[in-house]
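Here are a few notes to read alongside the model. Take them in order, with the structure open.

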Amino acid sequence: MRRKLAAGNWKMNGSRAALAELTALEPAAAGAAEVLICPPAPLVALAADHAQAVQIGGQDCHANQSGAHTGDTSAAILKDAGAGYVILGHSERRADYGESDADVRAKCDAAWEAGLTAVVCVGETLDQRESQNTLDIIGGQLAGSIPDAATGHNLVVAYEPVWAIGTGKIPTLEQIGDVHDFIRAKLERRFGEGVGLSVRLLYGGSVKPSNAQEIFGVSNVDGALVGGASLKAADFNQIIAALNAEA
Ligand code: PEP
């Protein structure tokens, strides 16, 4: 049985004052679904000290655990700060920093070595969808970004169509279901049925209180990775409630 997961990606937003939003998530986070917030790196330790039922994660990590990498944060440092998760291969990092599948794979190895669960993001651009390449792209990203030692505990996969992130546009429910079924089948084929069936699959891209319930009803959608609508507890609580209703 896969535990549902509502994950919030604060991106480069937030402040110490915004940690009050975490407190406002606690009642909903005590429900059936797991709740995760990934704040900017300087807030991870504070958030982890602040949180009770809410889990805390990083938004990226370096492929090394320590060393001369100015400005970077390692998985070991995130773990020490109280994180349990790290988002890897978000499309904004793939676009802004040219992160390749091989880079994401190396970071994933580092996350696992440090004892973090990796939320590996995959997703097609609008051009790739319009040229009917979505499944090829997703298949390639899965194969290239996920190391061999995946388990249902150390891996979560987030399907995030690049064109749906922060745009208010979402794929049809059928399109979401097709990609999630495809990802499930790929994981089962590569890692075996036990692991393949236990990895949680999140949908991400313009999830809001108004569309969460219908998205959570799609097959193989085990939760969501949410950007903008995770910044305010009033919105994210409604998304968590919709997920708790499915759990
Ligand atoms: C994201 O950044 O992962 C995301 C899904 O953003 P938004 O919900 O704002 O589209």
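A quick term first: a helix crossing is left-handed if the near helix is turned anticlockwise from the far one by less than a right angle, and right-handed if clockwise.

1. Some ground rules. This is a predicted model, where local features need pLDDT of at least 70 and side-chain atom pairs count only at pLDDT 80 or more, while totals for chains, interfaces and linings use all residues. Residues are numbered from 1 along each chain as its sequence is written, and side-chain values use heavy atoms, with hydrogens and water left out. Helices (H or I, at least four residues) and strands (E, at least two) are DSSP runs, numbered from the N terminus.

2. Start with the barrel. It is closed by 8 strands, in the order β1-β2-β3-β4-β5-β6-β7-β8, with parallel pairing; two strands pair if DSSP finds at least two bridges between them. From one strand to the next, the twist averages 25 degrees.

3. Now look at where β8 (residues 223-226) meets its partners. Strand β1 (residues 5-9) pairs with β8 in the parallel sense over 4 bridges, and A6 has A224 as its bridge partner there.

4. Buried here means under 20% relative accessible area, with exposed over 50% and partly exposed in between (1.4 Å probe, protein chains only).

5. β1 has another parallel neighbour, β2, joined to it by 5 bridges. I37 in β2 is the bridge partner of G8.

6. Next, the helices. The axes of α1 (residues 20-29) and α11 (residues 233-246) come within 10 Å and cross at roughly 20 degrees. The crossing is right-handed. Axes are lines fitted to C-alpha atoms, for helices over the stretch in contact, and angles run from 0 to 180 degrees between N-to-C directions.

7. Who touches whom? α1 brings E21, A24, L25 and A28, while α11 brings A233, F236, N237, I240 and N244; contact means heavy atoms within 4.5 Å.

8. Which residues of α1 are buried? They are L22, L25, E26, A28 and A29. The buried residues of α1 pack against β2 (34-38), α2 (44-50), β3 (55-58) and α11.
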